[in-house]
Amino acid sequence: MKEVNKEPFIHLFSCSTGYYLYDVNTDSILKVTPDTYQRLEKRENIEENEQIRKLKKYGYLKTSHVQISEHPVTKLLPSLYENRIGNLTLQVTQQCNLRCDYCVYSGKYYTRTHSNKRMSFEMAKKGLDFLLSHSSACEELRVGFYGGEPLLEFELIKRCVEYMETQTKDKAIHYQITTNGTLLKGEILTYLIEKKFEITISFDGPKEIHDRYRKFAGSDKGSYDTVMQNARYIKEHYHNFFISNVTFNTVISPEESYSCIGNYFKGEELFQDAVFTSGLVKDEGKKEKNTVSDRFSEEYQYEYFKLLMSKLGKIRKENTSVLGREQVEFLKMLRGGKQQDEDIELPKKWHHGGPCIPGIRSLFVTVEGDLYPCEKVCENVELARMGNINSGIDIQKASQILNIEDITSGQCKDCWAYRYCDFCIRYAEKEKEELKTCLLRNCADMRKKIEHVFKDYCVLRELGYDFETDSLRKGTENGRKNGTLDASGG
């Protein structure tokens with residue numbers, strides 16, 4: 001039997017505004033004195049420190065760890081899959097009219113490659129029927145279309161939409177599509193606007209950068225001019241739709257200039273008021289991992305710093321990069337409200353924070369009818385496949401995907417970042433044992449990422465930013481008034 005850890009389950013860190021401890025059991029960040037920090041760090045003469053005695057009195061510094069790895073939703077899976085599948089994504093084709101250098105289907109990843117496989121209407125209908133028969137508790141339904149380039153199968157998409165409209169009258173249906181933007185014109189565009197599709201367009205920045213990575217299949221011709229022409233047309237002729245229904249997703253290569261891409265989007269009229277998501281070239285499942293240059297890191301950190309300064313009213317938002325804004329939103333999502341809603345203690349039975357409920361956020365159906373938790377997983381990993389549209393969801397497989405911590409539970413239970421770990425089945429490159437190696441290899445980077453979030457959170461709080469109201473506090477003369485997490489008082 002494993003020896004119970006009697007040390008306080010905490011993580012210590014410092015930044016420009018002072019010394020802090022993260023208390024894992026209560027999920028709280030507390031500012032401490034240098035003496036308290038040093039004693040806890042060295043684990044020496046702890047009981048002689050008055051602040052430490054007060055912390056223990058008020059319920060901090062507990063030694064409790066999770067004892068049994070089990071996601072709290074595990075026993076609810078049968079009911080959830082019977083009644084609450086409200087989101088379905090259909091892989092209507094595995095073909096694409098572009099050959100993007102960094103695409104996960106380019107052959108540079110362990111997952112499948114482009115092929116001529118396409119979904120039949122019979123298969124799509126099975127997927128839609130599955131959605132309809134397993135969504136009784138959902139007031140709204142979402143149907144997504146994915147590829148390859150899904151608009152290559154426009155006729156199939158139309159049949160799917162028409163079928164859904166004949167099958168349900170009492171639920172709102174939202175349609176989503178992720179596209180490279182080259183086919184967004186004519187009849188296709190008119191139809192997507194008529195049906196109020198939510199459209200995500202892949203777009204990577206200035207012409208020389210976009211065209212370097214996003215070329216038409218079988219040629220060296222880039223797609224920038226085509227996508228820009230189509231996007232401009234939508235904004236000019238369907239402005240309200242463009243603002244409310246169109247999102248741009250930018251994949252950023254760490255070999256490029258981060259500032260150059262950000263400045264392009266800031267200066268190009270088309271993208272004013274547009275909604276953006278962005279991220280680095282996907283590293284999970286890549287055969288050769290990305291190399292991030294010092295220049296890229298410096299430019300990224302500088303733009304992120306400007307975003308933080310904008311939250312403190314030091315820089316106008318319009319002078320910041322649109323690419324990093326979701327990072328600040330991620331920070332707010334991760335820590336917003338936590339100080340007002342502390343836990344008491346870690347449960348004896350729990351699971352780290354990584355996996356969502358597989359298939360509930362977006363059940364993914366491949367052209368051949370296999371079921372996966374979402375479109376981000378590797379389709380060559382048997383562990384990630386949770387069933388088939390003909391036989392339905394395999395509850396045991398779904399439970400294994402949900403409880404991915406079982407693979408690394410020995411290490412996970414003692415990790416201070418337990419609550420914030422984002423590891424899920426999307427990290428699977430191969431099967432179970434190799435997945436364990438893959439997960440553990442990334443643990444240090446994950447903890448480093450979370451600690452950086454904690455530091456940014458503390459600095460912003462110290463300087464008066466209120467995460468709950470997304471505004472600056474007034475009268476920030478001292479730590480208690482400005483919302484810093486000061487444990488030096490009573």
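Is Asp 27 buried or exposed? At 6% relative accessibility, Asp 27 counts as buried, because the cut-off for buried is under 20%. Please keep in mind as you look around that this is a predicted model.

**Backbone spots to look at**

- Asp 27 is found in the loop between strand 2 and strand 3 (28–32). Its phi is positive, about 60 degrees, although Asp 27 is not a glycine.
- Asp 273 also has a positive phi without being a glycine, with a value near 75 degrees. You will find Asp 273 in the loop between helix 10 and strand 12. With 67% relative accessibility, Asp 273 counts as exposed.
- Gly 147 and Gly 148 are joined by a cis peptide bond, with omega at about 15 degrees. Gly 148 belongs to the loop that runs between strand 7 (140–146) and helix 5 (154–167).

**Aromatic rings**

- The model has 34 aromatic pairs in total. One of them is formed by Tyr 22 and Tyr 420, whose ring centres are 6.1 Å apart with 70 degrees between the planes, an edge-to-face arrangement.
- That pair links distant parts of the chain, as Tyr 22 and Tyr 420 are 398 residues apart. Tyr 22 is in strand 2 (residues 18–23), while Tyr 420 is in the loop between helix 14 (409–412) and helix 15 (432–441).
- Tyr 22 has 0% relative accessibility and therefore counts as buried. Tyr 420, at 7% relative accessibility, counts as buried too.
- Phe 423 and Tyr 427 have ring centres 4.8 Å apart and planes at 80 degrees, so this pair is edge-to-face. Phe 423 and Tyr 427 are both buried.
- One aromatic cluster is made of Phe 203, Tyr 224, Phe 242, Phe 248, Tyr 264, Phe 265, Phe 271 and Phe 276.

**Charges over rings**

- Arg 159 lies over the face of Phe 121, at 3.9 Å from the ring centre.
- Arg 335 places its charged end over the ring of Phe 454, 5.7 Å from the centre of that ring.

**Where helix 12 meets helix 16**

- The axes of helix 12 (residues 325–335) and helix 16 (residues 443–462) come within 10 Å of each other and cross at roughly 90 degrees. An angle from 65 to 115 degrees counts as roughly perpendicular, so helix 12 and helix 16 are roughly perpendicular to each other.
- From helix 12, the residues in the contact are Phe 330, Leu 331, Leu 334 and Arg 335. Their partners in helix 16 are Ile 450, Val 453, Phe 454, Asp 456 and Tyr 457.
- Sorted by class, this contact of helix 12 with helix 16 has 7 nonpolar, 2 charged and no polar residues.
- Arg 335 and Phe 454, the charge-over-ring partners named above, are both among the residues of this contact.

**Helix 10 and its cover**

- Helix 10 (residues 258–267) has Tyr 258, Ser 259, Ile 261, Gly 262, Tyr 264 and Phe 265 buried.
- The cover over these buried residues includes helix 7 (207–213), helix 8 (224–237), strand 11 (246–252), strand 12 (275–280) and helix 11 (294–311).
- Tyr 302 lies in helix 11. Tyr 302 is partly exposed, with a relative accessible area of 49%.

- Leaving out residues up to four places away in sequence, Met 446 touches Ala 417, Tyr 420, Cys 421, Asp 422 and Phe 423.
- Met 446 and Cys 100 are 346 residues apart along the chain, and their C-alpha atoms are separated by 28 Å.
- Leu 132 is found in helix 4 (residues 121–133) and is partly exposed, with a relative accessible area of 24%.
- Leu 132 touches Leu 141, Tyr 163, Met 164, Gln 167 and Thr 168, again not counting residues up to four places away in sequence.
- From C-alpha to C-alpha, Leu 132 and Cys 415 are 41 Å apart in space, and they are 283 residues apart in sequence.

Terms used
Residues numbered from 1 in each chain as written. Predicted model: local features only at pLDDT ≥ 70, side-chain atom pairs only at ≥ 80, totals over all residues. Heavy atoms only, no water. Axes fitted to C-alpha atoms, helices over the stretch in contact; angles between N-to-C directions. Helix = DSSP H or I, 4+ residues; strand = E, 2+ residues; numbered from the N terminus. Parallel < 35°, antiparallel > 145°, perpendicular 65-115°, else oblique. Contact = heavy atoms within 4.5 Å. Nonpolar A, V, L, I, M, F, W, Y, C, P; charged D, E, K, R; others polar. Phe/Tyr/Trp six-rings, centres within 6.5 Å; stacked < 30°, edge-to-face > 60°. Buried < 20%, exposed > 50% of the residue type's maximum accessible area, 1.4 Å probe, protein only. Lys NZ or Arg CZ within 6 Å of the ring centre and 35° of its normal.
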